[in-house]
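Thanks for coming. I will walk through one structure this morning, and you can follow along on the screen.

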Amino acid sequence: MSPATPSDPYRLPRSVVPSHYNLTLEPDLDAATFAGNVSIDVEVTEPVDEILVNAADLDIASARLVGPNGTEVTGIVTLDLERERAIIDLEDALAPGAWRLDIGFTGVLNDKLVGFYRSTYVDDDGISHTLAVSQMESTHARRAFPCFDEPDFKATFGVTLVVAEGLTAISNSATIDVDTTPDGRQSHRFATTMPMSTYLVAFVVGPLEVTEERITAGGVPIRVVHPPGKGHLTPYALDAAAFALDYFADWFGIPYPGDKLDLVAVPDFAFGAMENLGCVTFREVLLLIDPDTATQPELERLVDVVAHELAHMWFGDLVTMGWWEGIWLNEAFATFMEMLCTDAYRPQWQRWVSFGLSRTAAFDVDALAATRPIEFPVISPEDAEGMFDLLTYEKGAAVLRMLEQYLGPDVFKAGIQAYIEAHQYGNTKTTDLWDAIESSSGEPVRRIMDSWIYQGGFPLVSVALERDGAAVRLTQQRFRSLDPAGSDEDASLWAIPVTLKIGRGGDVVDERVLLDGDTTTLSLSAPADWVLANADGSGFYRARYGDAARAALVEHRAELLPIERYGLVDDVWAAVLAGEATAPDVLALCEALAVDEEDLSVWQRIAAALGSLDRYVPDGSRDALAAAVRGMARPHLDRLGWEPVADEDERTSQLRGTIIRLLGTTGADAAVATQARALHDQVLDGTTGLDPAVVSAAVDIVAATGTASDLDMFIERMESAPTPQEGQRYQYALGDFPGADEIDRVLDLALTDAVRSQNVAFVLRRVLLNRDHGDRAWAYLTHNWAAVNDKLPSMSMVRMAEGVRGLSTPALAHEVEAFFAEHPLPQATKTLSQHLEALRVNVGVREREADRLGAALET
Ligand SMILES: [Zn+2]
């Protein structure tokens, strides 16, 4: 045998390689257990006297090997709990060749939302029903059946599910037949899958309904599988999925690799969704929707997620990373493709403009010393879990977008098509992709991308007009939020595709340059009046201008695209975090842009900046800040009114909601709060046809001004909401209530069955971010840490912990640091260290800016 090397103790040896799994599972939903048998066809490549497979939380009764001529070799099984393995000691050594490994086992349907787990729902008559659902990624297939649980051990799977009569049973491929067993159960046998990784295997069993098939233009049958009574919420996702599947088959130039596609709404689900080939699982709020009552962002999120998972059918399922360090490419690419597909499906949503918000979130993390390179070593299962973060998804997608825009979409696509074609059914490493795009484009793609993938952080590009506007000088340096002086990493340089927008005498021209060293000067054909870096916002860098140059951009804002104006606010806010600009600078910029700004994304960025200022402003100056907010936003509400006009575009409707929410919360606008409450009363009275964007804003405003009886009503609405989206609005807004007693009730509620474990992290994070009661939430969490740990899925802990960023007084920050030193989160060490550093940044901002902002508001 080949022992795993000490430096990499979690990898299995390559002396035994699986090619096919014949897997039968018999879940007992009432007992919350399952029994199983797996027969794995393996190729033994050198003589071995033991076989290692992954297994965790399973009881293994027996194991034996069967050779080609019927030779049987019995194995004694011991479990290595630490490494999540079964060690099968063989009575005789196995000769190289083809063998079959038979293992019988049993397990428990757990409540931790990983492996083969239990989910429940309560029907209209108050009766509880149980499902059994799988979630294998990253390393949880080993909790459902013994297997070679590494992504490059691809194999085909023949699955059989034996279930009680009347239950729906779904897996990755089409049902071949259903037999009745002697004891009256039903045995569902599914077609053999394509070769795929264990993390993509899926089973769903339970009392579920299934929609009619919708056949795509490419001939693929799609269905939605859902808890009974929710069929009316499925058409929107079916339509989006049908569009996406045809869109991707065309874009990749390869047909969908599965034989059918089921989209499954799961009541308890730790992630957003999971790209199991042919059996994609979702949390309900991302699959079941009523387009008449959903807001545009709720619809967009659903389409995004459906598109994201379906992009994975090719990029991830058909071509798969060789090991978990490559997960970034899998997720970054699916995120990039989700934008592309959503943008094609609903061009009016301007998806690449709203992507600015995601890019901002990635910038915020990547500006910290505790950031990491996009591609990062992964050794243990915990390391793999820690990779599912903003840097993988959002920064990864942003750098792919930058490359696509630099090369041109067609050249980029040709490279991807060549890559998928060459590696289908196989596994890759990141450089395989760059090599494919490099050979299709002739550009130095590998050199450019290495600078973005293998070093953390991102550049700040300083832009200055020189020689009376006849030249532009560009200089790059690493951008940092905190501690700008310092380490060797400050010498990092990037190969930056810079796109400049240059204004002269009313004309605007673009210039492109690859900034490869620390500085370059570009001579212009004619003197410029103003210059903007990162035209179209697709670069993953921030820009800095001198005061006069920035003022010129504000003056010429009508010549800039919305995403470019968005960037002005975003870059100045980042400069405040870094101590290079002041809070009054941000306020002044918001006021200047607000005069005539009509774009949704720019307003969302302004509203976020103003909300942040409200966190830092001294209590005595809050009214003055609120008055300033009203001064900016009121004219826009007067312009837009409370009711949509006929044929209004969706972004305008959503802008109305954004303006109303800003006025009713940060703006403390009493008239708006009164009107929002009146509108919400209409919701309670059952009035239909109200504008979802305004209704959603009203929910937040009622919460922000809510009383004890409002909280009763919120809890009732949360439980009885007719759609998942409406339920979620009430649930997440619980954290915004202004009274301490109400917040205490919300905290207690979060740990009861009233809040599903999949949502607890989001509820608690929001309470931590409550401006006035974050400290109460923190005290509660620390006193109930064991219960919180017990209730939340492992991956959710760090999502909740993100809320500590709001606890930005020195005393609280100190408490938080000390607590996590005693209570680390090993599954998210890196992300937690980022939250803690972001907290220190925020403490610094408060110390520097609070009084300065207060003084500016009083003048
Ligand atoms: Zn994904």
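First, the ground rules. This is a predicted model, so local features need pLDDT of at least 70 and side-chain atom pairs count only at pLDDT 80 or more, while totals for chains, interfaces and linings use all residues. Residues are numbered from 1 along each chain as its sequence is written, and side-chain values use heavy atoms, with hydrogens and water left out.

On confidence: pLDDT is the predictor's confidence in each residue, from 0 to 100. The protein chain averages 95, and 98% of the residues score at least 70. Over residues 1-7 the pLDDT stays under 50, and there the model has twelve contacts beyond four places in sequence; contact means heavy atoms within 4.5 Å. Where pLDDT is low, the predicted coordinates should not be read in detail.

Now the metal. Which residues coordinate the zinc ion? They are H308 and H312, each through NE2, and E331 through OE, at 1.9 to 2.1 Å. Donors here are N, O and S atoms within 2.8 Å of the metal (3.2 Å for Na, K and Ca), and since water is not among the atoms, sites may look incomplete. The sequence spacing of the donor residues is H-x3-H-x18-E. H308 sits in helix α2 (residues 296-312) and E331 in helix α3 (residues 327-345), 23 residues apart. Helices (H or I, at least four residues) and strands (E, at least two) are DSSP runs, numbered from the N terminus. H308 counts as buried at 6% relative accessibility, and E331 is buried at 2%. Buried means under 20% relative accessible area, exposed over 50%, and partly exposed in between, with a 1.4 Å probe and protein chains only.

Next, the core. A nonpolar core is a set of buried Ala, Val, Leu, Ile, Met, Phe, Trp, Tyr and Cys residues joined through side-chain atoms within 4.5 Å. The largest one has 300 residues, and those touching the most other members are I51, F145, F203, F248, L310 and F820. Helix α1 (residues 235-252) gives this core its largest share, twelve residues.

Two of those names return among the aromatic pairs. Rings of Phe, Tyr and Trp (its six-membered ring) pair if their centres lie within 6.5 Å; planes under 30 degrees apart count as stacked, over 60 as edge-to-face and the rest as tilted. The whole structure holds 40 such pairs. F145 and F203 are edge-to-face, 6.4 Å centre to centre, with 65 degrees between the planes. F145 is in the loop between β9 and β10, F203 in strand β14 (residues 203-206), 58 residues apart. Both F145 and F203 are buried. Y199 and W324 are also edge-to-face, at 5.2 Å and 65 degrees. Y199 lies in the loop between β13 (186-190) and β14 and W324 in the loop between β21 (320-321) and α3, so this pair ties together parts 125 residues apart in sequence.

Last, two single residues. D149 lies in the loop between β9 (128-135) and β10 (156-163). Is D149 buried or exposed? It counts as buried, at 2% relative accessibility. Beyond its neighbours within four places in sequence, D149 contacts several residues, including N54, H140, R142 and T198. V513, in strand β26 (residues 507-515), counts as buried at 14%.
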